Structures are given as C-alpha cells and as structure tokens.
Amino acid sequence: MAVVPKFVGERIKRREDPRLISGTATYVDDVRLPGTLAAVVLRSPYPHARINSIDVAAARSAPGVAAVLTGADLKDKVGGIPCVAPAEHIPFHPLLAQGKVRFVGESVAVVVASDAYKAQDAANLIEVDYDPLDAVSDPEKALADGAPILHEEFGNNLVTRALVPNPAVDEAIAKADKVIKFRIVNQRLAPVPMEPRGVLADWHQASGHLTVWTSTQIPHLLRSALAAVLGLPENRVRVIAPEVGGGFGAKLNFYREEALVGYLSRMLGKPVKWIERRRENLATTTHGRDQITYLEVPVKNDGTVLGIKAKFICDMGAYLQLLTPAIPGFSGLMMTGCYKIPATSFEQVMVFTNKMATDAYRGAGRPEAAYIAERTMDMVALELGLDPVEVRRRNFIPKDAFPYATCAGLVYDSGDYNTALNKALEIVDYPKIRAEQAEALKHGRYVGIGVASYVEICGIGPSVMLPPKVPGWESATVRMEPDSRVTVLTGISPHGQGQETTFAQMAADAFGIDIDDVAVVHGDTAIVQYGVGTFGSRGLSVGGAALMMSVSKVQDKLKKIASTMMEAPPDQLTFANRTVALKSDATKSIPLQAVVDAAYGWKMPIPGMEPGLDATSVFEPTGCTFPFGTHISVVEVDPDTGVVKFLRYVAVDDCGNIISPLLVAGQVHGGIAQGIAQALYEEVVYDENGQLVTATLMDYAAPRAQMLPRYELAHTVTPSPLNPMGVKGVGEAGTIGSTPCVVNAVMDALKPLGVRHIDMPLRPEKLWRAIRDAKKA
Amino acid sequence: MKITGEQIMPAPRQRVWDLFNDPDRLARLIPGCEKLDKLAPDEFAGTINVGIAAVKGSYAGKLKLDEIRPPEHYKMLVDGKGKQGFMRGTGVLDLTPRDGDPNQTVVKYSGDVQLGGPLMQVGQRVIDSAAKMLMGQFFAAAEAELKAEAAGAVARQGFFINFWRYLLNVIRSFFRRSS
C-alpha cells in the first residue's frame, strides 16, 4: 500500500478552490426552490426625515405582487435587531422604519412578488411622504448643542462614553522631556465582500419549521437571534450558510433583511428570497473603522515613550448592530502595540450620526490601534530626530518578558518583536535602502521607507472577552465512519479562510489517513452541533483546538480497542499509513479498518464500551493569542501627480506554528491588500447633509491588482502556549501591519518637504495638494 | 451642489422678468418640463422629466418665490422628488440692464441644491456638468423665445430644436468674439 504522506506544515492547495474557480459553488442565490418569491426593499433617499405617510395601494395591486409591508404592519409583531454589546443608549432597531428614517438606505417598505423585477416595479409605485429633517454626518458635531438628534428618547446623540483613567499618565506628561500631540483619523471603510448579502427563507407550515439560507459568518448565533426576533422555538429554525463569498466582519452580524425574509416566508407560506445589490451593499451593510483619535504622548529625549493619553470619537452610525459599540474597545486596549509603555489612559465617546452603522471589519479595532501605535512611533522619531527603527527597539517589550501583562490589562501570550523586525530589515537591506533614499532625493525623487511593528489579538477568545450572547468557545465533532474515513463537523463557519483544507490536514495526520479521506462540514445548524462562528482569526486557534480535543478522544478509543487486538498498551500505539502501529516498531501493526470494524461491529472487543467512533468537544481558550510581525514598505511619491508607487513590500509575520503555508500566504496577501486600500484609496464618504457619495464601485475606490505591490513574505515562529497546535491566527494580521507601514512610508517620503501628517486615504490629490502647499511655504 | 452663472438675454429687463414669471412659457423652455402650474402669485407646482447618467426619472415638485422685487430679483425655494431621488434647494435670480444697452439684460443666478437618492448616488460624478448643460439648454431656449417674441412669433418648442438653436448661438457667439 502506498505510504500516506504527512500534511500539516506542507504546501497543500486549498480543497475549496476547484469548486470556487470553476463556478460550481452554491451561494445563497444559487439555491433554487420551486415557487420562490422575490423581495425588494424600498429604502430612504433621505438621511433624516419624518415619514408622514406611506401609500402602498398601487404597489399592492401591481402585477405579481404577493405582499407589501411597511413599518406599521410590523409594529409589535416582531422584535428588533439586537445589539449585544453594552452601551448607555441602545435604540430600538426596527426591521422597517417606524415613523422616521435615520440614514440613507434605511428600509422603509418591502415588496414581495413573483420575481425581483415585478417587485421592483411595484416598489416604484409606493408613495412615501417624507418631511426632511436636518442631518448630522460629522461625529465631532453630533454632540454639539443644536445638533439634530437621531433618537429623541435619549435627548442627545451619545451612544456611550467609556473612560479608562490613569493618573500615572498625567504624571508622565508632567515630567516628560517632551509631549507630542496629534490627531489621527481612521476613516470609514466598506468591507465590500465579493458576494453581497442574501437570504432565502422557507417556512414549512405543517411542521412549523423555518429554514433560512443566508450569507453569514455565524449561522448558530444567527439562528438564536432570528428565533428570538420572530418568536420561534430554536429547534424549529435551521440556518444554513452555504458557500459564503467573503465577510470580513460585515457578515458577523444579524441584519434586518434576514429577519424580514423569515417573517415574510412564514406570513406567505412560501419561500422568499432577497439578494442584496451592490449599491445596497455599500449603503446598508455595516461599515468599519470611523474613529478620530486625539493623542498626547509623553516621551524622553532618547525616544522612550512614557505613556499614551488618547481621546477617541467613534462614529457608530444611526443604529447599533450586533457588536457596534464593542469594536472601539479593542482600539483602546491595543494602542500600546508591542511596546513597553508604562501608563495609558483613554476616553472613548461613541456617537450616533445619520449614517449606516459601523461594526467589525477585518481587524475590528486592532488596525486602528496599530495605526495609533505605529504612527506614534514615527511621530516620536520625527520630533526627536531619531531613526524610527531605533525608537521601536528602545520601546519593545523584551522577549523574556512573556507572558506580558500590559497596563491596559491584557496578557500577551508570547512574542519576540526584535527578531521579526531584524528579519524584515535584513530582507529589505535597511542601510542600503536608506542610502538609496538619500541618493534619490538628490535627484528630486521622493522615496520613503515605512516600518510598522504590529501586535494584535487573535484566537478570540475567552468568553469573558466577548458579550454574553457571543461566547468565545468553539465546538467540533469528529466521527470516524465505518469505512475509516473521517467527518469533521466544526462550529466555525469558514467563508474563504480554508479550514476545509487545514482541518483535513490536521485530522488526516492524526489518524494516519489521506487528506481526501477527511470531509469537513460546517455552516448548517441542523447538521453541526451549536458553535460560534468565524471571526477574530479564531478558526484555527479556537476551532482547531476543539477539533484536536475531539480527535484525541476518538484516537483514545481506537487505541483502546487496538490494544486488546494487538496486546500492547494503548500509550505505545500510534497511527500511520492507515494502520495502528507500535510506536517502537512500525512493522508491528494492524490495519486501521480492522479497528474501525471492531468499533462498529456487533461485538465490541471491550465489554461495556459504547459502539461507534465519534466525539464532540468544546474548547474554551484561557486567553487570546497575540500574533505580531514587522512590515516594511518602500514607496516613491511622484511630486507632480501625488501618485504613490511601491518599490518594495516586505512582510515578516509571526502567527505561531504554521499548519498550511499556502493559506497563510493567501491570508497575508489579502490582508495587505485591504490594509493598503485603507492607507491609499478607500473611504466611505457622506456629504455634510448625510448623503452617501461613495454609493457605487465607481466612487468607492476598492483597489485593483495593478495598484498593489509584489509581496515579499517571511515568517518567524513563536508558538502560542494557549492551544495544542501552538498557532496564533493570521486572518487579520496583514490588514493590521500594512496600513501604518504604508502611511509611514509616504510620510517618510514627504519628510524633506516638512510634511508631518496627512490623514488617510493618501489619494494622489491629497498628496499633490500637500506637496504644493509645502513647496509654497 | 452649488450652481452659479451669468447669461445675457437679448431683451429689456421687464420682458425677461415677464418671461421668468410666466409658467406657460417657462414650461416650454425648461428642459424636460412636463407641467408647470401657478398655484399662487409666488408659488408654482410642476413635473420635470430628466435623465442624469443612468438615472432617468420624473420629479414632481414645488417652487416658491421669495424676496420678490420686480423686475430685478427673486429667490426660489425648490423642493422636488421622484422615484430616483429628491432635490431641495434655493436659488437667487438677479436681472440688471446691460451697461450701455437697455435692450439687453444680464441674468445672474446662483443656487445651492441638495440631492439625494440614486440621482445623487449614481449621478454625482456627472451632475455638475449635467446641471450646466440643462441651464445652457434653458437659456438658449429663453433667448430664442425672447427673440421670437420680438419678431412677433412664438418660439417653437422641443428639445432638439432648442438644442440646435443653442449650438447655433454658441457658434455665432464664437464668430462674434473672434471678429
């Protein structure tokens, strides 16, 4: 028999990809049920308006129309969209506007018809009489006297105010050699998954069962929320996340349309489908970031940072989605980055504005934090005339200090920041590239070198890190089938991450079988035991740890059975090459299939042992993992056009042990692309009246391939002690390291002109103006 | 969106003023105007049909006049909406006789318009130039109307005819300037 190779750590191609690249994957819109009706949502063109009346008579009698609902039809019949994160003011979040609209795109009515075209035609016949109100789109103006108030019941636009004071910071400010003050903005971004949202709901009247296919990252949590909103028992609701074409945090949520479509299917007794259009996606799928931070940084003249005092203004939008007010907390906690900063304090003011809600977006709070920490390091270097690399080295948490408790109360599991930095400097050849930069300047070329050493939180996380209804554990079932093939049921819900590959690698190695002998099943609440979902780079470190717990339970049972068959103690046995063999002598073995036959057979070799081979486990991590790394980019800014060109991009990431190198590289590539997008291109823009200006992909500048550099990737490996695989997570790292790295590089390029800071995105026009103004001065 | 501009009309101020206060004639001159009714001396209601980028649609609205000082000044408050969005805004119109030629009138206009809905979301890249084009069409038609009125005839209506007149005027003015 051919030898079964090892899979963990090997460059295995993603097993998901053939169906994705051949167009045979099944997304929500590919699920076709006979007699399905289509829903179209009528949305507000006004950012803020009172609804005087809605006339749906013409729409109701339009051809093919099955139902037209407005907010009044739903009043007191269904619940609202939940926000599980704590906040001082949590408004009722209706499925359809109740008397008032608060952002452009807010759902006002829904039309169900035999097809989407008829539904849209009928929606066009609905007459809504709006009474426009003044709107506020600037979060810094939302709390000013006289600002239009979104939710009158609160009397102001405050969501919540979080204060983490620390008198030591003020002492540090008083005794510092210098206090550096600046304001930076993490602009509002749209996650733009390739597949927009989509929902199909099918109510089965006779059994009282509701089945919902939806494009989500959290099928189980969504089932709980949906059952609660619709007033259905949870064991009568089945949520299926079929192929999901990207989420980036935007689908770590529960949306109005998911509840609406479920309600409509039940009301009409027919399947109802709603598929989001791209313009709806840009206007009504959660946005990310949108934080303004005022910083005061006391430093010593040698570059030692003594503290950080920060004030955040966080724009939450008009309503709170599932985790909206929880996201900024991560920014406050992580703003010291990989530095030994003895004192921090921060205040976060979260406000309502007439915009779509913000929520998690790839990195969720940590990109903002890394941007703060890494811009701070460069500001310190700039103000004190030091090399940015030296400032970082001076402040790094030393590698013998782990586990390291930060002054904000987090415990970093493991780290070695200097090694990652050195490796990146070596790859880029730092002294040489600095010399080249100086030479280029002599010829009027503005070359910049940007360094960012990041650390972030992954493997989210222990349940205490999260709100009560979004726990931090994860589940996995491992079942060895009678033919000795393995089925893995995981509670995570991959939507591009590739755990069908990584989990199969792990299970195959554990049982000495081929990767093709492992099937990984996820995303169906009727098949998979309750789980939490995929977000916060937790798939492998938490979901994989649960998998390994179940794997070892099944291994133990197999070993026990095999030990009676082989007359050897169980702890002397191992799995290799589809056999159970003696560790000391691999030639002494029995086929795995023989052991499996015994386990499923009519006569168990061990009296009293339950037949079958499956195990379910839940892994609750004791702490988060903290991956880190250093990214270095070299850019050139064209002074005549303001266009940024990449000369080099080096990323050294440490995500602990690596199970699947190709998948890690893919995550880093995509992450860097999204981080560069924030640094240079993307911004959701609402005008001063609250109108969404970036409503199409013509206007929202998601980058294209030619706008991105060639990536030079490398790794250091510092295992995490918190899970059996020693992994940390890599889903968001690229996004977190790249944004400050690129901004630092551009600012470094413009340093000779006296430019200190420009807020993102660093679009050519903005840079061109800054260069022109600097040259004038 | 801010709109400002200046246009010279080939007629004395009073006649320009009369034209700009006559809903029947304005209805013919405003591009895409389907209906314009005078509800009160200072209030009009109407419907226009315009397409900007891919967004074509009909908008119904009200136009209220304020600060009326015949024959030199008024302010307009516009509030219109349709399936493809809405527009709200104000505009100011000032008429002054042209220096040295009382038979010509300088029309100065400025406006601040807020747009919303698909009209804004899809059309915002081209909306400035579209607004300029529509203003151009309107003034070309108004100019033709005033000239025809002077000649005792009534201007023929229609987009294409007005557009050709507009082009013709542009070409003529080009030659006037160069000679």
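The radius of gyration is taken over C-alpha atoms, and the globule rule is 2.2 Å times the number of residues to the power 0.38. By this rule a compact globule of 777 residues would have a radius of gyration near 28 Å, and chain A agrees because it has 28 Å. The structure is a predicted model, in which local features need pLDDT of at least 70, side-chain atom pairs count only at pLDDT 80 or more, and totals for chains, interfaces and linings use all residues. Residues are numbered from 1 along each chain as its sequence is written, while chains are lettered from A and ligands numbered from 1 in the order in which they are written.

## Chain A overall

The C-alpha trace of chain A spans about 90 × 75 × 50 Å along its principal axes. Chain A has 19 helices and 28 strands; helices (H or I, at least four residues) and strands (E, at least two) are DSSP runs, numbered from the N terminus. Of its 777 residues, 55% count as buried. A residue is buried if 20 or more other C-beta atoms lie within 10 Å of its own, exposed if 12 or fewer, and partly exposed in between, with C-beta atoms placed from the backbone. Two residues are in contact if their C-beta atoms, placed in that way, lie within 7 Å. Among contacts in chain A between residues at least 6 apart in sequence, 80% join residues at least 24 apart.

## Cores

A nonpolar core is a set of buried Ala, Val, Leu, Ile, Met, Phe, Trp, Tyr and Cys residues joined through C-beta atoms within 7 Å. The largest such core holds 253 residues, of which A:A39, A:A109, A:V111, A:V112, A:A507 and A:V746 touch the most other members. Helix 15 (residues 539-566) of chain A gives the most to this core, with twelve residues. A second, separate core of 15 residues includes B:A11, B:L36, B:L95 and B:A142. Leaving aside neighbours within four places in sequence, the contacts of A:V112 include A:L37, A:A39, A:A66 and A:L264.

The expected span of a helix is 1.5 Å times one less than its number of residues.

| Helix of chain A | Residues | Number of residues | First to last C-alpha | Expected span |
|---|---|---|---|---|
| Helix 12 | 417-428 | twelve residues | 17 Å | 16 Å |
| Helix 19 | 764-776 | 13 residues | 18 Å | 18 Å |

In helix 12 of chain A the buried residues are A:Y417, A:A420, A:L421, A:A424 and A:V428. They lie on the same side of helix 12 because they cover an arc of only 100° around the axis; the arc is that of the directions from the helix axis to the C-beta atoms. Their cover includes helix 11 (388-395), helix 13 (430-442), strand 18 (446-455), strand 26 and strand 27 (644-654) of chain A.

In helix 19 of chain A, A:L767, A:A770 and A:I771 are the buried residues. An arc of only 100° around the axis puts them on the same side of helix 19. On the other side, A:E765, A:D773 and A:K776 are exposed. What covers the buried residues of helix 19 includes strand 26 (628-637) and helix 18 (733-750) of chain A.

## Backbone details

Helix 12 of chain A is followed by A:D429, a residue in the loop between helix 12 and helix 13. A:D429 has a positive phi of about 60° although it is not a glycine, and A:D429 counts as partly exposed because it has 13 C-beta neighbours inside 10 Å. A:F248 also has a positive phi, near 55°. A:F248 lies in the loop between strand 11 (237-240) and helix 7 (256-268) of chain A and is buried, with 28 C-beta neighbours inside 10 Å.

The peptide bond from A:F402 to A:P403 is cis, with omega near -5°; A:P403 is in the loop between helix 11 and strand 16 (404-405) of chain A. Another cis peptide bond joins A:M760 and A:P761, with omega about -5°, and A:P761 is in the loop between helix 18 and helix 19 of chain A.

## Contact between the chains

Twelve residues from chain B and 13 residues from chain A make up the contact. On the chain B side, strand 6 (85-98), strand 7 (101-116) and helix 3 (118-123) each give two or more residues. By class, that side has three nonpolar, six polar and three charged residues. Ala, Val, Leu, Ile, Met, Phe, Trp, Tyr, Cys and Pro count as nonpolar, Asp, Glu, Lys and Arg as charged, and the others, Gly among them, as polar.
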